[in-house]
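Here is a short report on one protein model. Keep the structure in view as you read.

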Amino acid sequence: MEFKSISQLKSLLDKNKISVKEIAETYIKKINERKDLNIFIYFNEDKIYDQVKEIENLSNDKILKGIPIAVKDLFCTKNMPTTAASKILENFKPTYESFVTQKLIDQGSIFVGKTNLDEFAMGSATNTSFFGNTINPLSKDNNPLAPGGSSGGSAAAVAADLCLGATGTDTGGSIRQPASFCGVVGIKPTYGLCSRWGIASFASSLDQAGVFSKNVTDASILLEEIAGYDQRDSTSSNVSVPTFSKNLNSNMQGKVVGIPKEYTVDGISDEINKVWEDAIISLEKKGAKIKHISLPHTKYAL
């Protein structure tokens, strides 16, 4: 059984057409069938069923009740291993939840497992993990492809339909790049929107928690739930969280989109250049005004 979106699955649950236990069983089966991808560092069926017993008693107004979520193994999870993909933390079990994972628990989500990553989030291909490489589920013909990184396990989990959403962290592209590689939606929110409390840090001045999903609407729903002020994080922004899911608007009429000339550089393949050009054409067809601009400091940036 394949569920296409969070809202679709939530609707089935609200109408009693499926139970939380049946959802869990569906995704346990899917995960067991794709162990060859090495997506999960931690996967425990008994732990999932323990969650189900608690979630079944929650009211249906919990936005994420019964929604299967994969958690990057950089987020502290209570009484569940948090390794940061390192042998050093192989046996570490936090006694507390990170801000982000606690918010997901409060809304009734099912944690299906902890996903693989580059060790301590330092990498771009999910190939520096002590627990081995993760394989991109889009790989074909016995030609294994990288899922990107560092949040490659989370992106791959969504792409392989082993969950409907996943958490990630992004310092210099660690959500956006694997989302691109795996063909899913990934978002690094504005810095400070999501608390970093309970996340193993890489570079605190840039780290930000974010999400992966199958579509933009699901991403907006997840982002609403993990965002918010947290006094335990000194960089947390004390601002109200917009209702992202109700503000989605694909109308580009009259919008001005800047195209930096510095982003067209020597060495980019024709294939990538075509994707770039097709995106510009698509925006124009939707009514956007294209403006060629310059970002002269680009060459100094990571």
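## Ground rules

Helices (H or I, at least four residues) and strands (E, at least two) are DSSP runs, numbered from the N terminus. Axes are lines fitted to C-alpha atoms, for helices over the stretch in contact, and angles run from 0 to 180 degrees between N-to-C directions.

This is a predicted model, in which local features need pLDDT of at least 70 and side-chain atom pairs count only at pLDDT 80 or more, while totals for chains, interfaces and linings use all residues. Residues are numbered from 1 along each chain as its sequence is written, and side-chain values use heavy atoms, leaving out hydrogens and water.

## Two packed helices

Helix α2 spans residues 20-33 and helix α3 spans residues 45-55. They pack at an angle of about 160°, and their axes lie 9 Å apart. That angle makes α2 roughly antiparallel to α3 (under 35 degrees counts as roughly parallel, over 145 as roughly antiparallel, 65 to 115 as roughly perpendicular, the rest as oblique).

Which residues make the contact (heavy atoms within 4.5 Å)? From α2 come Val20, Lys21, Ala24, Glu25, Ile28 and Asn32. From α3 come Glu45, Ile48, Tyr49, Val52 and Ile55. Seven of the contact residues are nonpolar, one is polar and three are charged. Here Ala, Val, Leu, Ile, Met, Phe, Trp, Tyr, Cys and Pro count as nonpolar, Asp, Glu, Lys and Arg as charged, and the others, Gly among them, as polar.

## The largest pocket

A pocket is an open set of points on a 1 Å grid over the protein atoms alone, where a 1.4 Å probe fits, with protein on both sides within 12 Å along at least five of seven lines; lining residues have an atom within 4 Å of a point. A volume is the space filled by probe spheres set on the points, which are joined across faces, edges and corners.

The largest pocket has a volume of about 730 Å³. Its lining has 14 residues, and Ser180, Tyr263, Ile268, Ile272 and Trp276 lie nearest its centre. Helix α8 (270-285) and α6 (176-182) each supply at least two lining residues. The largest share, six residues, comes from α8.

## The second largest pocket

The second largest pocket holds about 400 Å³ of space. Its lining has 16 residues, with Lys47, Gln51, Glu54, Glu97 and Ile105 nearest its centre. α3 gives the most to this lining, with five residues. By class, the lining has five nonpolar, six polar and five charged residues.

## Backbone details

A cis peptide bond joins glycine 149 and serine 150, with omega about 5°. Serine 150 sits in the loop between β3 (110-115) and α5 (152-159). Phenylalanine 120 is also found in the loop between β3 and α5. Its phi is near 55°, a positive value in a residue other than glycine.

Technical notes: Contact = heavy atoms within 4.5 Å.
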